Amino acid sequence: MEITPGYTVPPIIVGLWQLSAGHARGGAEDRSRVLAGLERFVEAGLCTFDCADIYTGVEELLGDLRRRLSGGAARLRVHTKFVPDRDALATINRGYVAHVIDRSLRRLGVERLDMVQFYWWDDDVSGYLDTAGWLCDFQRAGKIRLIAATNLDVAHLSELADAGIHLVSNQVQYSLLDRRPEHALADYCATNDAYLLCYGTVAGGFLSNRWLGSPEPHAPWANRSLQKYRLIVDEFGGWDALQKLLRVLADIGARHQATVANVATRWVLGRAGVAAAIVGARNADYLDEMTRTLELTLDAEDYSRIDDVLVRQPGPDGDVFSLERNSESPHAAIMRTNLSRESG
């Protein structure tokens, strides 16, 4: 889909947060295997990758991939982020922004970043409009092609627009379990020439055949992703409600020789304003799964059966990321808000 003149994103963007130092096993052999896997994605036409300045080691990994591709590097697109630490917000200035942008350029081995997605942790700390303006300055200077948002709600997007700052997209959590983008954001994007890039479409794996018929899991969690999306399952209506949905998705998948995850991601791709789904992958083992999603078409009967479940389970209330920004919410308690300094 063309999200702005001359810039097209594929329906699936490969998300690489799982390869950050906090998630990956590391090691020279693993790195070589991972790079070979990323090259397979590019060869298959999935050439757009999502990362962040705060995903430790991932921008450098993509820089290595670019050099490995050599003549094929022109096909590679990288969407990174600018997410300053919560503790640093009060002291951010133009020099801070320049440092982070130049660091991403250096890590990726490019002269211009394809897309920078902006987020600001705390409304009680002023400066996010100025910071967004400095990003625009670096865009005009040729260091950034596109400026976008991640996890910003309608109020923040409107304030930025009023300041003359246009963001081409907003990366948000969107799934059958979490339909908060439909509450206000989708309508805003439709009237303001912006698109949604959606992560969490399979809810950390809970929307997959793996959990169909499985007993309800409890802490301790194997990773923060399970903890994060287990809270979303609760917001959706709990484990029994999830199982009802999984049974329907599995039946639909069986009709189309597809998996629950395929159906869940295809559903998101069909929603208003959605340009792409960001699907996380540690290696190329996920390539066939992604390809099946692209080949899948849901029909009216499929949508009707899904709607019969969703009408009974509205899911989380409020605008996007509202639960995660509420300091009294368990969703906020698991957020890590000072990752930039950890990423070097």
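The conversation below goes through the backbone, the core and the helix contacts.

User: What should I know before reading any values?
Analyst: This is a predicted model, in which local features need pLDDT of at least 70 and side-chain atom pairs count only at pLDDT 80 or more, while totals for chains, interfaces and linings use all residues. Residues are numbered from 1 along each chain as its sequence is written, and side-chain values use heavy atoms, with hydrogens and water left out.

User: Let us start with the backbone. Which residues does a cis peptide bond join?
Analyst: The cis bond links Ala219 to Pro220, with omega at about 5 degrees. Pro220 sits in the loop between β9 (195–199) and α7 (224–236). Helices (H or I, at least four residues) and strands (E, at least two) are DSSP runs, numbered from the N terminus.

User: What is phi of Asp193 near, then?
Analyst: Phi of Asp193 is near 55 degrees, a positive value in a residue other than glycine. Asp193 belongs to the loop between α6 (185–191) and β9.

User: Is Asp193 buried or exposed?
Analyst: Asp193 is exposed, at a relative accessible area of 52%. Buried means under 20% relative accessible area, exposed over 50%, and partly exposed in between (1.4 Å probe, protein chains only).

User: And what about Gln257?
Analyst: Gln257 has a phi near 55 degrees, again a positive value in a residue other than glycine. Its place is the loop between α8 (239–255) and α9 (260–269), and Gln257 is exposed, with a relative accessible area of 65%.

User: Changing topic: how many residues has the largest nonpolar core?
Analyst: That core has 121 residues, and those with the most contacts inside it are Phe49, Leu62 and Leu207. Helix α8 gives the most to this core, with nine residues. A nonpolar core is a set of buried Ala, Val, Leu, Ile, Met, Phe, Trp, Tyr and Cys residues joined through side-chain atoms within 4.5 Å.

User: What does Phe49 touch?
Analyst: Leaving aside neighbours within four places in sequence, Phe49 is in contact (heavy atoms within 4.5 Å) with residues including Ile13, Leu38, Phe41, Leu62 and His79.

User: Now the helices. How do α9 and α10 pack?
Analyst: The axes of α9 and α10 (residues 287–295) come within 9 Å and cross at roughly 50 degrees. Axes are lines fitted to C-alpha atoms, for helices over the stretch in contact, and angles run from 0 to 180 degrees between N-to-C directions.

User: What does that make the pair?
Analyst: α9 and α10 are therefore oblique to each other. Angles under 35 degrees count as roughly parallel, over 145 as roughly antiparallel, 65 to 115 as roughly perpendicular and the rest as oblique.

User: Which residues meet there?
Analyst: On the α9 side they are Ala261, Asn262, Thr265, Arg266 and Leu269, facing Glu289, Arg292, Thr293 and Leu294 of α10.

User: Is Leu269 buried or exposed?
Analyst: Leu269 is buried, with a relative accessible area of 13%. Beyond its neighbours within four places in sequence, Leu269 is in contact with Pro11, Val274, Ala276, Ala277 and Thr293. The C-alpha atoms of Leu269 and Thr201 are separated by 9.2 Å, although these residues are 68 apart along the chain.

User: Finally, at what angle do α4 and α5 pack?
Analyst: Helices α4 (residues 128–140) and α5 (residues 154–162) pack at about 60 degrees, with axes 11 Å apart. Tyr128, Leu129 and Ala132 of α4 make the contact with His156, Glu159 and Leu160 of α5.
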